[in-house]
Protein chains: 2
Amino acid sequence: MTTLKLGIAGLGNVGVGLIERLVEQEKLRLGGVVEIAGISARNRSRKRPVPIDPYPWFDDPVALAKDDNVDVFVELIGGSDGPAKLAVEAALSLGKPVVTANKALIAEYGEQLAKLAEENSAPLLFEAAVAGGIPIVRAVRESLAGAEIKSVRGILNGTCNYLLTEMLNTGAPYADVLSDAQKLGYAEADPFLDVSGTDAAHKIAILATIAFGVPLDFSKISLSGVDTIQLKDLQFAKKLDHKIKLIAEGVNTENGVICRVEPVLLPMKSPLAQIDGPLNAVMVETVHAGPMTFTGPGAGAGPTASAVLGDISALIAGDNRKVLGHDVGSLNTTLCAPEDVSKSESKYLIRVDLADRAGALASLTDALAVSDVSVDELLQDSAGDQEYAPIAIKTHKCTYAAVHDAKKRIDSLPAVVDPARTIRIEAG
Amino acid sequence: MTTLKLGIAGLGNVGVGLIERLVEQEKLRLGGVVEIAGISARNRSRKRPVPIDPYPWFDDPVALAKDDNVDVFVELIGGSDGPAKLAVEAALSLGKPVVTANKALIAEYGEQLAKLAEENSAPLLFEAAVAGGIPIVRAVRESLAGAEIKSVRGILNGTCNYLLTEMLNTGAPYADVLSDAQKLGYAEADPFLDVSGTDAAHKIAILATIAFGVPLDFSKISLSGVDTIQLKDLQFAKKLDHKIKLIAEGVNTENGVICRVEPVLLPMKSPLAQIDGPLNAVMVETVHAGPMTFTGPGAGAGPTASAVLGDISALIAGDNRKVLGHDVGSLNTTLCAPEDVSKSESKYLIRVDLADRAGALASLTDALAVSDVSVDELLQDSAGDQEYAPIAIKTHKCTYAAVHDAKKRIDSLPAVVDPARTIRIEAG
């Protein structure tokens with residue numbers, strides 16, 4: 001039976017969860033025996049729920065990666081630069097397999113690391129980097145290798161999904177819900193990476209490369225987060241029988257692959273609209289094999305450790321796949337630049353508060369007409385005792401340029417104080 | 001680049017779909033070149049949507065399996081006995097990898113074939129045998145090898161799910177909906193394997209062995225199909241905020257693994273209740289990695305061919321996993337016999353038409369009390385101008401023995417003509 005000796009760098013929740021699972025690994029189906037040959041973390045004396053004394057300690061993760069007793073280097077440090085990258089490079093350079101949960105590292109340096117891995121015949125596995133416990137990397141890279149993929153679209157950040165769900169359920173504004181989520185541990189003290197869409201963009205960049213063979217170029221992902229979403233956006237979406245979700249997507253089009261992250265209105269009945277709370281879900285549409293949806297916990301120690309262990313099991317079985325599902329030198333499918341993405345046509349929700357006076361609505365509809373944006377549905381709520389009446393417009397299909405032009409015109413209207421809000425509407 | 005030469009036996013929809021995909025395989029990501037070294041089917045001259053003249057023809061699938069030009073034998077003949085089994089055995093005996101979509105073959109002879117495969121170091125892959133295009137076999141066998149699985153529960157027969165969905169949506173009785181489904185191609189001319197639950201039982205038997213290491217013993221799966229479900233069952237379930245689904249499940253309990261297929265009431269909000277139409281869905285619950293749900297098309301040429309191609313891609317990458325996820329000799333987890341399964345406790349729906357006269361309801365509730373079945377909710381519809389009033393009871397948790405005893409007592413009541421109906425209720 002194969003025995004693999006791990007060097008584990010990073011002992012946060014995931015690292016500790018991994019050790020806990022390995023202690024009782026007879027309950028798993030790893031296909032071999034896994035030992036811990038060494039561990040490393042920033043703080044040796046921090047209190048942890050599992051004893052770490054049994055394992056050789058390394059202050060320096062690079063030294064751990066290079067240690068002769070370590071067969072496989074497991075990188076759970078995080079961060080795209082610094083020690084995580086140095087240690088991964090050290091392991092790969094010696095031909096040692098690496099397992100990592102580090103999405104930022106793979107999204108930003110994936111090609112460079114895959115090249116190093118291939119040059120040294122060292123597997124580099126990162127199932128845990130995308131959608132936590134959901135085995136979507138292996139599904140797209142391996143199980144669906146025989147399917148022509150049209151799009152990969154998903155809810156890839158549980159924090160954002162939790163925030164949007166809570167806002168709609170409780171009727172509380174973004175700032176309040178975020179602050180509660182931070183107290184409950186659903187959001188980080190510094191939530192920027194999550195709420196800005198950056199984390200989801202890291203993940204979709206990785207999936208798009210595997211699915212379509214586009215270069216792993218994080219700079220070309222156009223992104224916008226949930227931090228701009230207002231409670232009223234969610235409520236008006238609901239009135240239009242839609243739900244707003246932060247959708248990360250890679251879509252294969254005639255002109256190349258569009259890759260973007262932004263809040264989107266989805267029809268209430270669509271599979272992704274039904275994913276509430278801190279879950280992740282990924283929908284893969286294919287030409288001949290239909291759409292498939294994978295749903296589960298997108299983060300947390302247990303799910304992430306499970307994904308890491310799935311990779312370790314693959315190493316025991318002798319994983320032999322291309323790191324990014326393609327030769328690094330052949331990643332030549334066109335990845336559309338953000339400015340090209342904006343040329344594609346969509347329906348939009350336009351939300352604006354309009355002065356409650358005669359002629360105001362006419363000035364709004366005129367602005368839309370001049371911009372060649374055609375109205376499918378228009379909802380006006382009563383202004384009540386406010387001076388401004390909230391209005392939501394669902395447009396017919398138009399380009400981003402047209403809706404952006406309409407927004408500029410609307411924002412300059414005397415009847416409008418706060419800038420209009422535009423959110424894309426997806427068919428499903 | 002690796003080249004694999006296939007022998008394809010069986011040229012129904014899936015076989016033809018496979019050839020169509022291979023003709024344009026540059027659109028896929030197989031990781032190598034796949035050639036067709038020979039084909040076989042019952043009828044050579046049948047009209048097919050793809051030319052088969054370019055490929056060497058074999059009347060006998062066993063001869064194809066043995067042919068020196070064939071590297072990998074692809075079995076798409078179907079049927080658990082006869083030529084499918086003979087040809088698979090012939091290939092494995094020669095150490096040739098086999099890919100099959102044949103659930104009956106694997107469910108009934110899986111252990112014997114896995115043993116033959118292991119003895120000859122020949123991979124035997126069957127992703128297409130379970131849930132069509134959804135890569136659930138590989139997910140459970142490989143990606144979730146590092147997760148301790150509590151249960152695998154799913155909608156594994158699209159025909160049954162379509163029938164249940166249509167009955168509820170159209171208000172038409174079972175026989176009418178089945179007949180329409182046959183015309184539309186959603187049900188076979190002889191629907192027995194589907195509607196009896198046999199097909200779903202084949203699939204859950206396979207998944208339970210991989211997930212839990214139980215013997216692959218199809219005879220121990222207790223099963224009941226959708227052919228006994230009445231429209232009123234579905235309608236009363238809906239009134240109780242539940243949906244009836246044919247659920248195939250393997251559940252790890254203290255006393256062993258319970259494996260069964262039967263129509264079950266699920267809360268309307270549960271993920272599986274939301275799967276409508278001819279789809280499949282599998283929910284895997286784990287101890288530490290949360291529940292995961294995989295949804296997609298469970299049948300059809302495209303999805304099944306995609307699963308077959310995923311297996312072929314795994315062979316190109318050098319698949320090296322245990323056929324059933326465990327050594328065949330070590331499948332020693334207890335698989336509960338159907339009589340043990342009935343000792344487990346559940347809530348039940350009891351449905352009965354009761355004579356519309358004084359004392360009738362009292363006789364019913366007495367019968368329940370004597371059997372120690374406690375009522376959680378009771379709905380009585382108006383008898384209108386009928387003599388009998390339809391009644392639905394949701395029980396508290398009780399054993400199958402208790403509910404069965406109650407049913408016997410109810411059926412013997414003078415106020416009851418047709419036998420009472422009992423359907424298990426699942427928590428989620």
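Biologist: In which helix of chain A do A:Lys183 and A:Asp180 lie?

Modeller: In this predicted model, both residues belong to helix α7 (residues 174–184) of chain A. They are three residues apart, about one turn of the helix.

Biologist: What makes the pair A:Lys183 and A:Asp180 a salt bridge?

Modeller: The rule asks for a side-chain nitrogen of Lys or Arg within 4 Å of a carboxyl oxygen of Asp or Glu. The closest N and O atoms of A:Lys183 and A:Asp180 are 3.9 Å apart. That value is within 4 Å, so the pair is called a salt bridge. A search of the whole structure finds 63 salt bridges over all chains.

Biologist: How many salt bridges does the rule find across the interface of chain B and chain A?

Modeller: Across that interface the rule finds zero salt bridges. Polar contacts are present, however: 14 residue pairs are counted between chain B and chain A, with both residues at pLDDT 80 or more. On the side of chain B that touches chain A, at least two residues come from each of α5 (136–143), α9 (198–212), β12 (291–297) and α11 (301–316). By class, this side has 21 nonpolar, 15 polar and nine charged residues.

Biologist: How do you know that chain B and chain A are in contact, and how much area do they bury?

Modeller: Contact requires heavy atoms within 4.5 Å, and 45 residues of chain B are in contact with 45 residues of chain A. The size of an interface is often given as the accessible area lost when the parts come together. Here the two chains bury about 3700 Å² between them, 51% of it on carbon and sulfur atoms. B:Arg29, B:Ser143 and B:His288 supply 20% of the area that chain B buries against chain A, more than any other three residues.

Biologist: Why are β12 of chain A and β12(B) called paired strands?

Modeller: Pairing needs at least two bridges between the strands. Strand β12 (residues 291–297) of chain A and β12(B) have three bridges, so they count as paired, in the antiparallel sense. Within this pairing, A:Phe294 stands opposite B:Phe294.

Biologist: What kind of axis relates chain B to chain A?

Modeller: Chain B is superposed on chain A by a rotation of 180° with 0.0 Å of shift along its axis, and the RMSD is 0.0 Å. That is the relation of a two-fold axis. In chain B, the C-alpha nearest the axis belongs to B:Phe294, at 2.3 Å from it. The same surface serves both copies, as 100% of the contact residues of chain B recur in chain A.

How values were computed:
Residues numbered from 1 in each chain as written. Chains lettered and ligands numbered in written order. Predicted model: local features only at pLDDT ≥ 70, side-chain atom pairs only at ≥ 80, totals over all residues. Heavy atoms only, no water. Buried area = accessible area lost by both parts, 1.4 Å probe. Polar contact = N/O pair within 3.5 Å; in protein donor to acceptor, adjacent residues only side chain to side chain. Helix = DSSP H or I, 4+ residues; strand = E, 2+ residues; numbered from the N terminus. Nonpolar A, V, L, I, M, F, W, Y, C, P; charged D, E, K, R; others polar. Least-squares fit on C-alpha atoms with pLDDT ≥ 70 in both.
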